[in-house]
Protein chains: 2
Amino acid sequence: MSRLTRDDIITGAGNRFASHGYHGTSMRDLGEDLGILGSSIYAHVGGKQELLTAVIDRGSAYFEASANDAIEAASGPRDQLNRLISGHINVVLDHRAETRTYLSETEFLPAEDHQRIVAARSSYERTFVDCIAGGQEIGVFDRTADARLVAIYVLSILNAVDRWFSEQGRLNRKELATDITGFVVSGLGASR
Amino acid sequence: MSRLTRDDIITGAGNRFASHGYHGTSMRDLGEDLGILGSSIYAHVGGKQELLTAVIDRGSAYFEASANDAIEAASGPRDQLNRLISGHINVVLDHRAETRTYLSETEFLPAEDHQRIVAARSSYERTFVDCIAGGQEIGVFDRTADARLVAIYVLSILNAVDRWFSEQGRLNRKELATDITGFVVSGLGASR
DNA sequence: CCTACCGATCGGTAGG
DNA sequence: CCTACCGATCGGTAGG
């Protein structure tokens, strides 16, 4: 058993914060998960708040990277929308602890970090709005819809995925992404 | 200044739990909000856990009542879907504290209460699934869609509404309900 | 609903 | 990373 790294501590904190909440986690709880004492955590990080920031920074970075990948690889608005959706699903399922903390505990961040994360989130959401608006301009999406509202609807669906999706269920990730893209584009109206 | 009732305490607890989380709320915090001492709360309720249960029970009851109203008044699947959506929006906006607590803090309920609330929530969600499946049977909704998945998508959108909707925004509640219903039925494909 | 507490637990530190 | 702590705060109670 070798010594823990700072990254190990952040990972452990993410797991605890995701399942018990930031305020429901004590440094002693976290230490127990990691096999050390609560007080020993202070050899690696400055304090509990710093751990929350580190966990949420990770979550935020995963989403940003996913959006950048989608923009680079996309061949058009509909393809980009599918890539954004698929990427978001992969992020929340591959990094459940960080993204759950990011989505549920951001409000408990120190003011400075909170502002930074909210700005990054706005930028990420703008990627969805721009993609939808771009599709409306070239006529592949309905022009009468409000792109900002549709982006909010899509992100609401995506942010909840980790709460119900199971890898052992009827659909795999790729199929879920296709289903959500189809739902967003056609709803219950046209056959997909 | 008259004495507080048990209901007042529960309302105050809902407000605190919604903004600071259950674990982020101390009995002294709550007392301060109510203008009494933390220890005085115990004259009205058995403990902090009991407060969480009481707040979430309220939230759960609002959703149940809304679903029952929609079922009674509906003239068909599409009308019922619109009523379920509109009702859900009204519940989360009229009872922000209780519903936010219901949606975010249910996991911290004592096991027995947790089971009861999860069962009630399943029943509520089934109303949405049945409505969609009913519409598919009579051909007003696309038969190839998975009713359960669509219900999850709709509820994901609805549960996030209180996080971004403003009464002073471009849309009022009724218009938002219409927009969401339109989105669910037509997506970005057909014009609504 | 307040006064006056209780033991337990909290985030965090000094020194090794 | 542990030992040995610190003052502050926690949920909760007895008695009025």
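Visitor: Which elements of chain B each supply at least two residues of the lining of the largest cavity?

Guide: A cavity is a set of points, on a 1 Å grid over the protein atoms alone, where a 1.4 Å probe fits but cannot get out; lining residues have an atom within 4 Å of a point. Helices are DSSP runs (H or I, at least four residues), numbered from the N terminus. In this predicted model, the elements are α5 (96-105), α6 (111-137) and α7 (147-160). Of these, α6(B) gives the most, with three residues.

Visitor: What is the volume of the largest cavity?

Guide: A volume is the space filled by probe spheres set on the points, with grid points joined across faces, edges and corners. Here that is about 60 Å³. The lining includes B:Phe63, B:His88, B:Arg121 and B:Asn159.

Visitor: What rotation superposes chain A on chain B?

Guide: Copies are superposed by least squares on the C-alpha atoms of residues with pLDDT of at least 70 in both. The rotation is 180 degrees, with 0.0 Å of shift along its axis and an RMSD of 0.0 Å. That is the relation of a two-fold axis.

Guide: On conventions, residues are numbered from 1 along each chain as its sequence is written, and chains are lettered from A in the order in which they are written. Local features need pLDDT of at least 70, side-chain atom pairs count only at pLDDT 80 or more, totals for chains, interfaces and linings use all residues, and side-chain values use heavy atoms, leaving out hydrogens and water.

Methods
On a 1 Å grid over the protein atoms alone, a cavity is a set of points where a 1.4 Å probe fits but cannot get out, and a pocket is an open set with protein on both sides within 12 Å along at least five of seven lines; lining residues have an atom within 4 Å of a point.
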